Amino acid sequence: MPAALREGSELSQTTTAAESWLALFDRMLVIRLCEEQLARSHQRGLIHGACHTYVGEEAIATGVCAHLRTDDVVFSTHRGHGHALAKGLPPRELIAELYGRETGCSRGRGGSMHIFAPEIGMMGTSGIVGPCILQAAGAGYASRVLGLDRVAVAFFGDGAVNNGAFHEGLNMAGLWKLPVLFVCENNQFATEVPFNASAANTDVASRGASYGMPGLALDGNDVLGISSAAAEAVARARAGEGPTLLECRTYRTRAHAEGMGDFTYRTRDEVDEWRKRCPIARLRERIVAAGLATDEDLRAREASIAALIAEAETFAAASRPPDPATATTHVYSAVPAAPASPLRHHPPGPGTREITYGRATWEALSEEMARHPEIFVMGEGIGVRGGNFRTTEGLFQKYGALRLRDTPISERGFVGLAGGAAMTGARPVVDFMFADFIMDSIGEVVNQIAKMQYMSSGRLKMPVLLRGCIGIGHSAATHHSGNYYPLYAHFPGLRVLVPSTPYDAKGLMKRALNCDDPVLFLEHRELLNTRGPVPDEEYEIEFGRAVVTREGADLTIVAIAQMARRALEAAEQLAGEGISIEVVDPRTVSPLDTETILRSVHKTGRLLVVDEAYGPFGFASEIAAHAAGAAFDDLDAPVRRLFGAFSPTPYSPSLEQAVVPALADIVQAARQLARE
Amino acid sequence: MKIEVTVPRLGWSMEEGVFQGWLKREGEWVGRGDLLFVLEGDKAAQEVESLDEGVLRLPAAAPGEGDVVQVGQVLAYLEPRAVAVGTAPAPAPQMSPSLAPKLAAEIGPAGTGPQPARAGTAVSLPPVVPAATPIAAHPRDAVDSLPRPAVAPAATALPGARPVLAGSSGAAAAGRRPRTAPPSSPRARRIAASLGVDWARVAGGGPGGRVREQDVRASLATAAAAPPLEASPAGERVPLTALRRTIAARLTTAAAVPTATLTRRADATALTALRRSLASSTNQTGPVPGYTDLLVKLVGMLLPEFPYLNARWDGDALLLCAGVNIGIAVDTDAGLVVPVLRDVPSRSLGDIAAASRAAIERARANQLTPADCSGGTFTITNLGGLGVETFTPVLNPPQAAILGVGRITPEAVVHDGAVVAREGITLSLTFDHRVLDGAPAARFLDALRRAIENPERVLN
Ligand SMILES: Cc1ncc(C[n+]2csc(CCOP(=O)(O)OP(=O)(O)O)c2C)c(N)n1
Ligand SMILES: [Mg+2]
């Protein structure tokens with residue numbers, strides 16, 4: 001076996017031209033033969049899901065990755081086997097993954113479109129077109145925050161360049177001079193749609209100019225040309241000179257995915273024509289012509305690579321499938337990060353200083369930024385201005401632009417970037433002002449950030465904090481008043497915090513900034529100026545710990561955010577009528593502390609859930625379902641729910657008040673339920 | 001298309017019953033009108049006739065004898081013999097609510113515990129659970145563990161006396177809500193179980209009469225304030241049968257009716273003499289009339305003159321009943337039942353005696369149908385045979401009156417200034433005070449006294 005071809009080895013340290021050309025030849029052959037094996041396996045039904053091969057395009061990953069170090073990071077696409085192999089993934093781990101075995105690189109959690117090997121800088125292939133561009137930008141940003149000369153590479157197809165991720169990602173990378181290579185593999189089709197049918201400007205390389213970076217058009221089947229262009233781009237990136245866009249024009253000579261038909265949108269002749277331009281055959285001719293090796297030598301190398309692939313297949317086929325008992329492990333970080341301050345759960349006693357909710361979260365952020373240099377904040381107007389809601393007041397002056405980053409209005413872009421930064425060691429905080437704006441990035445949150453720890457079988461962390469205001473009030477109208485926590489709580493992988501007091505807000509934000517899971521920190525706008533006791537000393541509040549904010553005997557009200565406060569007012573009012581109400585504030589919607597709620601229902605026998613968000617499939621429904629199931633024998637009356645009207649939020653105060661449970665509504669519902 | 005065999009509603013209030021057994025075997029042909037199975041409803045067991053035809057198919061989960069079944073529950077299927085085209089699904093058996101029989105509610109002498117089956121029942125019964133077996137802890141388990149007859153009982157034979165264990169009680173003791181019980185919250189049931197309170201008897205104060213925790217606790221407080229009923233919480237818990245539950249419900253209804261009871265002593269010397277002569281009569285063909293029969297006849301003759309005693313409280317009106325149908329309270333192993341003797345004034349004493357004897361036998365064999373017990377306008381309950389001299393009968397709503405008959409005892413009476421030996425009897429009349437006042441009730445009682453003292457006209 002050639003020396004350069006130890007599994008997992010790097011190709012970048014080759015010194016002589018002979019060695020480096022032969023290494024490129026070997027690597028391309030590994031990809032080709034492995035893909036051909038996978039195509040065969042697919043036909044035999046050994047691959048359970050999709051399988052997009054890289055046949056014909058091997059020169060690109062090989063030429064680029066030849067210049068990467070192990071700690072450089074690669075973000076890839078649905079057609080990513082070649083990227084993983086070029087970055088050094090042993091073929092056996094790739095085949096085993098596609099076979100769904102526990103020895104697969106993603107431990108059987110991913111398959112072809114979720115290939116993870118973060119140990120060697122392979123940060124994942126993706127089933128979604130586009131996000132890898134943003135994640136690579138994020139990794140580049142993390143390199144800068146962490147002071148590393150690490151380079152990030154995004155591989156993507158021509159299909160991705162008409163996606164917002166491309167434009168937002170390249171803009172931010174160009175703007176902030178991030179150490180990234182954007183490698184477009186223009187194989188002229190997105191599935192079956194020709195590139196010229198989807199792009200107004202088919203000159204991808206020329207688009208670099210729009211985003212302040214060099215754009216190079218390359219022959220994607222010429223590994224030597226790509227290698228030398230990549231060498232330059234990597235050097236530029238490492239030197240802090242910013243990103244490069246490489247457009248590699250190529251062609252895939254197999255169908256879009258194994259098992260798909262290929263000749264409804266292109267001809268056999270065209271495919272045959274491109275087969276003649278096979279990058280491996282071309283390099284072989286160059287090697288022989290240059291006298292670096294004989295045809296016979298190369299055939300010997302080919303034979304040993306074929307043996308390697310055969311052995312990899314045998315290994316994969318012999319591997320065990322993963323234990324079904326582990327199907328839901330790694331949804332969250334297995335070992336929760338230790339708190340940096342003592343955990344506390346109950347509000348302090350009298351005599352404690354009182355500050356506003358807004359100030360409490362500011363203290364949390366400011367204290368944790370001092371503790372963790374990996375934390376950086378992104379958002380619109382959070383830099384010099386200090387945030388629309390003064391969330392970052394004075395921090396820019398203290399920590400500078402790199403850690404207090406004003407962003408373009410590219411929500412999808414900077415959320416995707418934050419995800420990539422979190423995957424590569426930084427701890428991003430995204431400040432949205434209003435949580436409504438997160439909706440523009442929902443795919444990044446739900447498909448990437450929430451799933452990344454799981455897809456990587458726990459080898460990647462995802463410490464992203466997404467914060468923004470929620471809630472109805474002040475005639476904010478419908479684009480500045482959404483309550484989105486039920487939506488986020490529906491998805492595994494996210495933590496959803498909805499604190500109602502300054503004390504809870506500070507403790508939970510500090511916990512969030514110390515944990516490794518992605519967190520939605522949703523602040524009710526009507527609470528920002530409310531005051532409450534917050535101790536001077538630092539503390540954290542664990543997720544999933546509800547607090548009983550008032551003890552009572554006759555009825556339990558569960559409510560969060562503004563409704564938690566309103567429930568307390570209602571309880572006070574009804575105490576005058578002799579009705580004793582217990583109020584439970586879960587504080588976090590995911591995880592939800594059902595135990596405390598059920599304990600309270602066990603005590604009182606009656607449950608009213610009050611919520612400002614919509615009813616269907618909501619917070620109140622979830623709690624009601626828990627109670628009806630686990631507290632059935634405790635219920636002395638049916639569970640009642642009060643929730644917001646099923647309507648966008650109206651503007652006029654008279655209309656706005658009509659869509660939110662009012663104090664009088666809560667009082668009436670509680671009174672009725674208590675007497676039922 | 002197979003046709004479902006479902007549990008019919010027997011009487012208007014039945015929601016669940018106790019399955020007593022199949023009258024056909026698996027695979028046997030069932031014709032329209034054939035008797036298919038026996039079901040115990042609220043008051044009596046009934047042979048249920050098939051409205052459809054087909055081959056009987058019993059699913060694996062078909063109920064066994066003693067199982068509690070819900071109205072509408074599928075018991076089995078009837079399959080066409082050959083593939084028949086367009087078989088319509090069976091119409092659900094219906095019963096007019098107005099025909100719904102009423103059941104007497106009166107406390108008879110305590111009859112507890114399993115008793116041997118009476119003669120005349122022709123069915124192999126499941127073995128009676130040994131007395132030491134704890135019955136109530138897990139009634140469902142107990143029922144399910146009963147060996148079932150290997151073969152379905154043949155033909156029309158009915159199970160007779162059953163151990164108290166058999167089935168219908170399962171629901172309540174397990175905490176499940178019998179459909180006839182008031183609505184209740186799960187919490188109330190849990191707390192009731194922990195306090196040993198029967199929540200089905202608690203008056204609910206919630207919406208729709210729902211029993212809530214506070215109602216259970218309040219009932220306990222009331223019970224505690226009352227003289228102690230039982231000191232010991234230890235002991236055997238006997239599950240409620242459907243009949244016992246019906247009796248309880250009827251009594252509870254009766255307790256809400258404002259009643260009064262008048263007591264009157266009558267000279268029964270002539271009556272006893274008459275009975276003796278009937279007993280010794282040689283041309284007697286039917287059974288010898290008992291005192292109850294004599295009183296049924298006497299009361300039946302009087303009632304047309306006292307329409308307010310042969311009446312019903314009917315919501316917004318009084319219903320003066322057209323016919324005179326007298327119910328007689330019969331003690332059976334399973335509990336009290338009240339078969340009704342119809343159109344008494346037009347029937348001879350011998351006829352009445354024969355009819356009552358037949359009704360009692362059917363009652364004791366658990367063969368009464370709901371129709372046998374429905375339509376009464378007046379009830380007579382006689383505890384004289386058990387040695388009771390005076391007692392307070394409980395009204396059998398919606399009837400307006402019930403007559404309690406005590407034991408006939410010899411007594412010394414002052415007659416024309418001299419002490420003479422006579423036979424005496426105490427009559428107790430409980431009546432619905434909303435329907436009539438005390439004086440008319442007293443006049444009826446006095447008329448009855450005179451009739452007892454001059455009983456010969458029963459022979460007319
Ligand atoms: C956001 C998104 N939309 C649609 C798809 C479905 N899809 C999978 S691959 C593909 C074509 C991608 O074309 P291109 O980026 O040129 O990559 P190629 O397959 O040509 O390598 C599409 C549309 C997807 N995975 N993600
Ligand atoms: Mg393409």
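In chain B, B:P398 sits in the loop between strand 16 (378-382) and strand 17 (401-405). The model described here is predicted, and in it the peptide bond leading from B:P397 to B:P398 is cis, with omega near 5 degrees. A:P591 belongs to the loop between strand 19 (588-590) and helix 19 (594-604) of chain A.

B:D343 is not a glycine, yet its phi is positive, near 50 degrees. This residue is placed in the loop between strand 15 (340-341) and helix 8 of chain B. In chain A, A:S475 likewise has a positive phi near 50 degrees and is a residue other than glycine. A:S475 is found in the loop between strand 12 (465-470) and helix 16 (485-489) of chain A.

Helix 8 of chain B brings us to helix packing. Two packed helices are described by the angle between their axes and the distance between the axes. Helix 7 (residues 291-302) and helix 8 (residues 349-364) of chain B pack at an angle of about 125 degrees, and their axes are 9 Å apart. With that angle, helix 7 of chain B counts as oblique to helix 8 of chain B. The crossing of these two helices is right-handed. On the side of helix 7 of chain B, the contact involves B:D293, B:L294, B:V296 and B:K297, which meet B:L349, B:I352, B:A353, B:S356 and B:R357 of helix 8 of chain B. By class, the residues of this contact are five nonpolar, one polar and three charged.

Helix 2 (residues 58-65) and helix 7 (residues 223-238) of chain A cross at roughly 35 degrees, and their axes come within 8 Å. This crossing, too, is right-handed. Helix 2 of chain A contributes A:A59, A:I60, A:T62, A:G63 and A:V64, while helix 7 of chain A contributes A:V223, A:I226, A:S227 and A:A230. Six nonpolar and three polar residues make up the contact of helix 2 with helix 7 in chain A, with no charged residues.

Next come the strands of chain B. Four of them form an open sheet in the order 1-8-6-3, with antiparallel pairing. Strand 1 (3-6) and strand 3 (29-30) of chain B stand at the edges; each has a single partner strand, so one side of each is left without a neighbour in the sheet. Strand 3 of chain B runs antiparallel to strand 6 (residues 54-57) of chain B, and two bridges join them. B:W29, for example, has B:V55 in strand 6 of chain B as its bridge partner.

Finally, chain A holds a metal site. The magnesium ion (ligand 2) is coordinated by A:D158 through OD, A:N187 through OD1 and A:F189 through O, at 2.0 to 2.1 Å. Along the chain, these donors follow the spacing D-x28-N-x1-F. A:D158 and A:F189 link distant parts of the chain, 31 residues apart. A:D158 lies in the loop between strand 2 (152-157) and helix 6 (164-175) of chain A, whereas A:F189 lies in strand 4 (residues 189-190) of chain A.

Technical notes. Residues are numbered from 1 along each chain as its sequence is written. Chains are lettered from A and ligands numbered from 1 in the order in which they are written. This is a predicted model: local features need pLDDT of at least 70, side-chain atom pairs count only at pLDDT 80 or more; totals for chains, interfaces and linings use all residues. Side-chain values use heavy atoms; hydrogens and water are left out. Axes are lines fitted to C-alpha atoms, for helices over the stretch in contact, and angles run from 0 to 180 degrees between N-to-C directions. Helices (H or I, at least four residues) and strands (E, at least two) are DSSP runs, numbered from the N terminus. Angles under 35 degrees count as roughly parallel, over 145 as roughly antiparallel, 65 to 115 as roughly perpendicular and the rest as oblique. A crossing is left-handed if the near helix is turned anticlockwise from the far one by less than a right angle, and right-handed if clockwise. Contact means heavy atoms within 4.5 Å. Ala, Val, Leu, Ile, Met, Phe, Trp, Tyr, Cys and Pro count as nonpolar, Asp, Glu, Lys and Arg as charged, and the others, Gly among them, as polar. Two strands pair if DSSP finds at least two bridges between them. Donors are N, O and S atoms within 2.8 Å of the metal (3.2 Å for Na, K and Ca); water is not among the atoms, so sites may look incomplete.
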